[in-house]
Amino acid sequence: MAAREYGQYCGVTRALELVGERWALLIVRDLLVGPRRYGELAAGLPRIPSNVLATRLKELQAAGIIRRAPRSRIIIYELTAYGHELEPVVLALSAWGFKALDEPRDEQVVTPDALTIALRSTFQADAAALLPATAYAARLGEVDLQVRVAGPTLAIARGGAEDVDLSFAAGPGIRRLLSGDLAPARAIETGIVRVLTGAPELLDRFARTFRVAA
């Protein structure tokens, strides 16, 4: 599959040959959220040239990482079981890269799938297991997500507030809350997080549930 060959017999080398081409791992990232049509993948990766997207999909399919599946007269792309094995790798990369995030540049976009993976990568299942089940509506920039936590189980879906315990809005500054640099009460005081509905104290529960591990 790979356009490049490293000339080394090594698992890391082979992994890079399979998913190390530009855009490949971001396609996997979005498919970890759920199956997508070609147009949905293109919309979630707005800067990818159409010919590159088509090539990467063919390469990932040839490697057994994704497959094309017909659904009600349309074609969707989904991960195979082998492709799903990349989930812990992608989540670990997300958490690792999160620590190096700075303020976003003007040309950078935030997508629902990227935010979903970010939350999944910061989810602290052990902490959540000790807390009451809680439903959040998070408006992060222009993206609305419903985040439901029940013990160590996490479910994230697109959409606004609907039968939730806490609804809040935040911009990129929320990374300071997730990294532990900013206490929840201070995040509200400074306007980095705006509580829309629900008890502001529940933001502390959110911060304990979603945290970048040290």
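Buried means under 20% relative accessible area, exposed over 50%, and partly exposed in between, with a 1.4 Å probe and protein chains only. The model is predicted: local features need pLDDT of at least 70 and side-chain atom pairs pLDDT 80 or more, while totals for chains, interfaces and linings use all residues. Residues are numbered from 1 along each chain as its sequence is written, and side-chain values use heavy atoms, without hydrogens and water.

Side chains of opposite charge can pair when their charged atoms come close. With a salt bridge taken as a side-chain nitrogen of Lys or Arg within 4 Å of a carboxyl oxygen of Asp or Glu, the whole structure holds 15 salt bridges. One of them joins Asp30 to Arg29 at 2.8 Å, N to O. Asp30 counts as buried because its relative accessibility is 1%; Arg29, at 15%, is buried as well.

Another salt bridge pairs Arg36 with Asp113 at 2.9 Å. Helices (H or I, at least four residues) and strands (E, at least two) are DSSP runs, numbered from the N terminus. Arg36 has a relative accessible area of 12% and is therefore buried, and Asp113 is buried at 4%.

Glu78 and Arg67 also meet in a salt bridge, at 2.8 Å. Glu78 lies in strand S3 (residues 74-79) and Arg67 in strand S2 (residues 66-71), eleven residues apart. Glu78 is buried at 14%, whereas Arg67 is partly exposed at 39%.
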